[in-house]
Amino acid sequence: MQRRATATLPDATAALAAALPMPIVVLDPAGVVTFANVAAQGFLNASLWALRERGFAAALAPDTPTAVLIDHARVAGNTVTAYDTEVVLAGGAMVRADVFVTPLTDGSGATMVSFQARSVPTLVDRARVSEGAARSAIGVAAMLAHEIKNPLSGIRGAAQLLGDSADPEARELTTLIRQEVDRVAALIDRMEGFTDTRPVPKRAENIHAILGHVRKVALSGFAQGIPIRESYDPSLPSVAGNHDALVQVFLNLVKNAAEAVAAAGGTGGAITLTTAYRHGVRVAVDGAKPRVALPLEVCVIDTGFGASPAVAGHIFEPFVTSKRAGGGLGLALVAKIVGDHGGIVEYERVSDPPRTVLRVLLPTA
Ligand SMILES: Nc1ncnc2c1ncn2[C@@H]1O[C@H](COP(=O)(O)OP(=O)(O)O)[C@@H](O)[C@H]1O
Ligand SMILES: [Mg+2]
């Protein structure tokens, strides 16, 4: 096969660009990659050969906003800068970076693309949900659902009887038990319908009310003695979601966080719940579907040691667990439910100060 003639950079310029620590890629007017420095090959996790043959398709996930942006800017001949965007690589990894697209002024019609990786917070580990992994949890979930449902009505009835003869403080707890049992029962009803993958009924929900409920349940149970701090954006709009399913998501995340804090031992361990509105976070959740805006960010942060390297890359897959009594289904269910909401969940280990962040991005109502 004859190689297409491509414009190359003048020697001195090429040597200079090759030595720069900043990732730089040059495209000719037809969009063919003519140059990529070592930093770019490292950043994009693609060889110069692969980039020459396949362009950015060799490095970026199809339909990632970055690829679209680069294409538009190149064709229009404009300088475009996208700050703090999520660059999704072909392997599924996500990197936060500023992306600069600039036409070169040497009359060649070439375009330079450069990236400035965001170094704070430091990404040590980041796993993105794989749809397939979440799906294989479904069969198991359906089986478990059947086994769990029977004892629930007994628990609910007992809590009601206790509540009738209890003082007001204890009655608040028995009410909590009943609410939780009802929630689990409703969840199981839906899990039994997993096979027909019906869309979950969604309404406008206040995410802070959901987090408040989860916090209360956690503090009166599995997270007893661990401070759960709240840092909310009070102006956050409603989420388009299913109340019970979202409670389940954040219960699972807070439970893992509590277990991580407990495992780390010592004093000063804590869990923090944060919410924020993120402009411009648009993601193609599924190649075929249009890009959706996911501006609602909810983070569950803990001061534990984070996942072990062996687990970190597979954290959302079913049966992945590092705990003796763990089932490894908590995060698989989180991934499934968040996916049903058109959202995204990510695991991130941040080094300064050391903390584990589980980040959920959701659409507004
Ligand atoms: N906040 C966290 N900190 C450290 N490791 C975590 C955290 N959340 C999840 N993990 C890791 O991911 C694994 C899977 O979590 P999960 O699906 O909830 O299953 P389980 O909690 O039953 O083990 C855990 O066993 C643990 O190793
Ligand atoms: Mg768990």
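Modeller: In this predicted model, Val-334 touches Val-249, Asn-252, Leu-253 and Val-345, leaving aside residues up to four places away in sequence.

Biologist: What makes these residues count as touching Val-334?

Modeller: The criterion is that the C-beta atoms lie within 7 Å; Val-249, Asn-252, Leu-253 and Val-345 are in contact with Val-334 on that basis.

Biologist: Which residues touch the most other members of the largest nonpolar core?

Modeller: They are Val-214, Val-249, Phe-250, Val-254, Ile-271, Val-300 and Val-334, in a core of 47 residues. Elements supplying at least two residues each include α7, α8, α9 and α11, as well as strands such as β10 and β13. The largest share, eleven residues, comes from α9. A second, separate core has 28 residues, among them Ile-24, Leu-60, Val-88 and Val-113.

Biologist: How do you know that the length of α8 agrees with what a helix should span?

Modeller: At 1.5 Å a residue, the 13 residues of α8 (residues 207-219) should span 18 Å; the end C-alpha atoms are 18 Å apart, and therefore the two values agree.

Biologist: Why are the buried residues of α8 said to line one face?

Modeller: The buried residues are Ile-207, Ile-210, Leu-211, Val-214, Val-217 and Ala-218. Viewed down the axis of α8, they fall within an arc of 125°, so they line one face of the helix.

Biologist: Which helix gives the most to the shell around ligand 1?

Modeller: That is α9, with four residues. In total, 22 residues surround ligand 1, and the closest are Asn-256, Thr-321, Ser-322, Gly-326 and Gly-330. By class, the shell has nine nonpolar, eleven polar and two charged residues.

Key: Residues numbered from 1 in each chain as written. Chains lettered and ligands numbered in written order. Predicted model: local features only at pLDDT ≥ 70, side-chain atom pairs only at ≥ 80, totals over all residues. Expected span 1.5 Å × (residues − 1). Buried ≥ 20, exposed ≤ 12 C-beta atoms within 10 Å, placed from the backbone. Arc of directions from axis to C-beta. Near = placed C-beta within 6 Å. Nonpolar A, V, L, I, M, F, W, Y, C, P; charged D, E, K, R; others polar. Core = buried A, V, L, I, M, F, W, Y, C linked by C-beta atoms within 7 Å. Contact = placed C-beta atoms within 7 Å.
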